[in-house]
Amino acid sequence: MEKITFTPEEGDAVEFYVLEQTKIGGVDYLLVADSADEDGEALIMCDVSDPEDAEAVYEIVDDDEKLNAVAAVFEKMMDDTEII
């Protein structure tokens with residue numbers, strides 16, 4: 001399982017495991033977890049970077065409508081996993 005490091009503007013870097021990724025409407029989304037175990041906390045991250053940025057910039061999806069829609073896509077991709 002691939003691990004990536006997120007560095008918030010404030011605070012220490014945090015590592016997440018990438019469970020799945022998809023592109024919806026031209027926007028990249030990642031399903032990440034803080035643990036490789038099944039009991040880890042999962043987050044959906046959205047790429048908000050500009051095409052000319054050297055590194056990708058991701059934010060946590062917190063809009064309920066968008067979160068539910070993207071979570072449904074990830075659930076279909078990972079048919080044995082319930083996300084929300």
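Is Glu 15 buried, partly exposed or exposed, and what is its relative accessible area? Glu 15 is partly exposed, with a relative accessible area of 44%, on a scale where buried means under 20% relative accessible area, exposed over 50% and partly exposed in between (1.4 Å probe, protein chains only).

The views below show a predicted model, in which local features need pLDDT of at least 70 and side-chain atom pairs count only at pLDDT 80 or more, while totals for chains, interfaces and linings use all residues. Residues are numbered from 1 along each chain as its sequence is written, and side-chain values use heavy atoms, with hydrogens and water left out.

**View A. Salt bridge between Lys 3 and Glu 15.** The closest N and O atoms of Lys 3 and Glu 15 are 2.9 Å apart, and a salt bridge here is a side-chain nitrogen of Lys or Arg within 4 Å of a carboxyl oxygen of Asp or Glu. Lys 3 lies in strand β1 (residues 3–6) and Glu 15 in strand β2 (residues 14–24), so the pair ties together parts that are 12 residues apart in sequence; helices (H or I, at least four residues) and strands (E, at least two) are DSSP runs, numbered from the N terminus.

**View B. Salt bridge between Asp 28 and Lys 23.** The structure holds 2 salt bridges, and in this one the N to O distance is 3.8 Å. Asp 28 is partly exposed, with a relative accessible area of 29%, whereas Lys 23 counts as exposed at 54%.

**View C. Aromatic cluster of Phe 6, Phe 16 and Tyr 58.** Of the 2 aromatic pairs found in the whole structure, one joins Phe 6 and Phe 16, whose ring centres are 5.5 Å apart and whose planes stand at 70 degrees, so the pair is edge-to-face. Rings of Phe, Tyr and Trp (its six-membered ring) pair if their centres lie within 6.5 Å, and planes under 30 degrees apart count as stacked, over 60 as edge-to-face and the rest as tilted. Phe 6 and Tyr 58 form an edge-to-face pair as well, with 6.1 Å from centre to centre and 85 degrees between the planes. Because Phe 6 lies in strand β1 and Tyr 58 in strand β5 (residues 58–60), this pair ties together parts that are 52 residues apart in sequence. Phe 6 is buried at 14% relative accessibility, while Tyr 58 is partly exposed, with a relative accessible area of 22%.

**View D. The largest nonpolar core, with 9 residues in all.** Its members are Tyr 29, Leu 31, Ile 44, Cys 46, Val 61, Val 70, Ala 71, Phe 74 and Met 78, where a nonpolar core is a set of buried Ala, Val, Leu, Ile, Met, Phe, Trp, Tyr and Cys residues joined through side-chain atoms within 4.5 Å. Two or more residues each come from β3 (27–33), β4 (42–47) and α1 (64–77), and α1 gives the largest share, 3 residues. A second, separate core of 8 residues includes Ile 4, Val 18, Val 32 and Met 45.

**View E. Surroundings of Val 61.** Not counting residues up to four places away in sequence, Val 61 touches Tyr 29, Ile 44, Met 45, Cys 46, Lys 66 and Leu 67, contact meaning heavy atoms within 4.5 Å.
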